[in-house]
Structures are given as structure tokens and as C-alpha cells.
Amino acid sequence: MSDKPALVLVGPPAAGKSRLAKRVAKMMNLPLVDTDSMVVQEHGPIKDIFANHGEDVFRAWERAAVITALETPGIVALGGGAVIDPATREDLRNHTVALITISPEAVEDRISGDKRPLLSGGIESWVSLMEQRSGWYEEVAGVSFDTSHRAMDTLAVEIVDWVKGAEHE
């Protein structure tokens, strides 16, 4: 088994990266690594990190989690902002990466009452983040899967099929 992930999922907040990563990992019988979960486990809730230390400290801790995650086998879900870091984007060039997308209309219900610090402005904040980050997501991903109107289990099967096909290219 390789010491690099079989798949890395990137995409905006609330697109469903973590949920899909869990399903894909289970279907492929591989371990799951979620960088947001790593940061939370080591440093506490992301909202508290932003409030007490600021975004720069969060991004440094996130980058450390990304470095560790990209050295582990299995399925990796990156936090929505991980692609902000140019070093992360460079690291992702050597990996199988899928972009998980969602439309503003579909994500609006998912983020209402959200505790994510960068989404305190609701759908307008989310759209603004997407405008800033969409080019970076597309730069690092080999394919995209949209979660707006499709069942997560169906998408997970498609992702597994894509990963298995990508292994042979």
C-alpha cells in the first residue's frame, strides 16, 4: 500500500466533502483523514480558534494538518480553505484530487445557522468565498462531482469508479 492518499477531496464549505469521504473510504476499505477534524482534535473548535487566535493561526495549523494528511494512505478530505495556501496547491499536483461542488441554491439550506466563522454572512459569504477560491479548486482537481441534487451514495460510487480508473492511467 502506498503512503500517499488514494484520493484527496477539495471544495467549498458545506459541499459534502467529509460526508463523501466517509462513504468512499468505507467502500474502498481505506482509512479516512479529515484535516478540519485533525485541527479540531488538536486545537479545539474552529470557531474558537478564529475567535481566540485569528485566521492566520488557523491557516498555519491547517497547513500542518494538510502536510500530515498527504503523507497517509487512504482518503483525505481537506478543509474548504486549504487550497488558499500555494504550498498546498503545489503538493496536490502529485495526488489524485476530486473537486466536490454545490450550487449556491443547494448550499443555502446547509449553511443556515452554520457555525463556520467565514460564513457568518450566510449565502453572500459563501458566494464570495467561492469567487475567491474557485480557480484554486479547479487548478488542483482532476475531476469534479456536484452534490447539489444527487444522492451522496450515488456520488460515492461514481467517485470510487473514477479513482479505480485513475489508478490505471
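Modeller: The discussion below takes the overall fold, then the sheet, then the charged pairs.

Modeller: This is a predicted model, in which local features need pLDDT of at least 70 and side-chain atom pairs count only at pLDDT 80 or more, while totals for chains, interfaces and linings use all residues. Residues are numbered from 1 along each chain as its sequence is written, and side-chain values use heavy atoms, with hydrogens and water left out.

Biologist: How many helices and strands does the protein chain have?

Modeller: Helices (H or I, at least four residues) and strands (E, at least two) are DSSP runs, numbered from the N terminus. The protein chain has eight helices and five strands. Along the sequence they follow the pattern β-α-β-α-α-α-β-α-β-α-α-β-α.

Biologist: What does the radius of gyration say about the protein chain?

Modeller: The radius of gyration is taken over C-alpha atoms, and the globule rule is 2.2 Å times the number of residues to the power 0.38. For the protein chain the radius is 15 Å, close to the 15 Å that the rule gives for 169 residues, so the chain is as compact as a globular protein of that length. The C-alpha trace spans about 45 × 35 × 25 Å along its principal axes.

Biologist: What share of the residues is buried, and what share of the accessible surface belongs to carbon and sulfur atoms?

Modeller: Buried means under 20% relative accessible area, exposed over 50%, and partly exposed in between (1.4 Å probe, protein chains only). Buried residues make up 46% of the 169 residues. Accessible areas come from the Shrake-Rupley method with a 1.4 Å probe; for residues, only the protein chains shown count as cover. The accessible surface of the protein chain is about 8,600 Å², and 49% of this belongs to carbon and sulfur atoms.

Biologist: In what order do the strands of the sheet lie?

Modeller: Two strands pair if DSSP finds at least two bridges between them. Here an open sheet of five strands has the order S2-S3-S1-S4-S5, with parallel pairing. Its edge strands, S2 (32-34) and S5 (143-146), each pair on one side only. Neighbouring strands are turned by 25 degrees against each other on average, direction ignored; axes are lines fitted to C-alpha atoms, for helices over the stretch in contact, and angles run from 0 to 180 degrees between N-to-C directions.

Biologist: Which strands does helix H1 lie across?

Modeller: Contact means heavy atoms within 4.5 Å. Helix H1 (residues 17-28) lies across S1, S2, S3 and strand S4 (97-101), and runs at about 180 degrees to S3. For the chain as a whole, 74% of the contacts with a separation of 6 or more are between residues 24 or more positions apart.

Biologist: How many salt bridges are counted?

Modeller: Side chains of opposite charge can pair when their charged atoms come close. A salt bridge is a side-chain nitrogen of Lys or Arg within 4 Å of a carboxyl oxygen of Asp or Glu. The count comes to eight salt bridges. One of them joins aspartate 153 to arginine 23, with the closest N and O atoms 2.7 Å apart. This pair links distant parts of the chain, with aspartate 153 in helix H8 (residues 152-166) and arginine 23 in helix H1, 130 residues apart. Arginine 23 counts as partly exposed, at 31% relative accessibility.

Biologist: Why are arginine 59 and glutamate 62 separated by about one helical turn?

Modeller: They are three residues apart in helix H4 (residues 55-69), which means a separation of about one helical turn.

Biologist: Is arginine 89 buried or exposed?

Modeller: Arginine 89 is buried, because its relative accessible area is 12%. Arginine 89 forms a salt bridge with glutamate 139, the closest N and O atoms being 3.6 Å apart. The two lie 50 residues apart, arginine 89 in helix H5 (residues 86-92) and glutamate 139 in helix H7 (residues 123-140). Glutamate 139 counts as partly exposed, at 37% relative accessibility. A network of salt bridges links Arg89, Glu90, Arg93 and Glu139.
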